[in-house]
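Here is a short report for a reader meeting this protein for the first time. Look through the structure, then read on.

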Amino acid sequence: MQPYDERLSAPRSWWFIAVLMGVSVGLIMLPFGTLPMLGGLIGGAALACVAVSSYGSARVRVVADSLVAGEAKIPVSALGTPQVLDAAEAAAWRTYKADPRAFMLLRSYIPTALRVEVTDPEDPTPYVYVSTRNPEALAAALTAVRSA
């Protein structure tokens, strides 16, 4: 059995926007002189890059007998059958089909996802929605852990 591990990193365009944020802060600081402009450029770009990096640092893993999605760790025994969602179905479950009680590791820049019902009767969470670039592999890893 191969473990599943994926980092939901932000797209390249977000990094470009972070650099542009630094440029805009540098331009705002330009009337105060060259050194404040350079400080604003470097500081603004660094802060924007930290924000993009922290948002894109979410990981989805299947470790031992658990699904680890971001900060959540859910035992596979408490999960039902995984449902692979294509882009259209994932968009529907992110919007009008969404249940506010559901756990969602949502990244809008990733079009596909996996939805798994929570079968634990003591857990009020109806399902887990996880954005993933490879929902088939994640579903296979969960199924392999369940059958082992």
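How many aromatic pairs does a search of the whole structure find? The search finds 4. Rings of Phe, Tyr and Trp (its six-membered ring) count as a pair if their centres lie within 6.5 Å; planes under 30 degrees apart are stacked, over 60 edge-to-face, and the rest tilted.

This is a predicted model, in which local features need pLDDT of at least 70, side-chain atom pairs count only at pLDDT 80 or more, and totals for chains, interfaces and linings use all residues. Residues are numbered from 1 along each chain as its sequence is written, and side-chain values use heavy atoms, with hydrogens and water left out.

**Confidence**

pLDDT is the predictor's confidence in each residue, from 0 to 100. The protein has a mean of 92, and 99% of its residues reach 70 or more. Among the elements, helix α1 (residues 12-29) has the highest mean, 96. Helix α4 (residues 135-147) has the lowest, 91. Helices (H or I, at least four residues) and strands (E, at least two) are DSSP runs, numbered from the N terminus.

**The ring cluster**

Ring pairs link W14, Y55 and Y109 into a cluster. Two of the pairs are set out here.

| Pair | Type | Centre to centre | Angle between planes |
|---|---|---|---|
| W14 and Y55 | stacked | 5.6 Å | 25° |
| Y55 and Y109 | edge-to-face | 6.3 Å | 65° |

W14 lies in helix α1 and Y55 in helix α2 (residues 34-55), so their pair ties together parts 41 residues apart in sequence. Y109 sits in the loop between β6 (103-105) and β7 (113-118), so its pair with Y55 ties together parts 54 residues apart in sequence.

Is Y109 buried or exposed? Y109 is buried, with a relative accessible area of 19%. Buried means under 20%, exposed over 50%, and partly exposed in between (1.4 Å probe, protein chains only). W14 is partly exposed at 29%. Y55 is partly exposed too, at 34%.

**Charges over rings**

A charge sits over a ring if NZ of Lys or CZ of Arg is within 6 Å of the ring centre and within 35 degrees of the ring normal. R107 lies over the face of Y55, 4.1 Å from the ring centre. R115 lies over the face of W93, at 3.9 Å.

**Strand β2**

Strand β2 (residues 59-63) pairs with β3 (residues 66-69) in the antiparallel sense over 4 bridges. Strands pair if DSSP finds at least two bridges between them. V60 and V62 form the covered face of β2. R59, R61 and V63 form the uncovered one.
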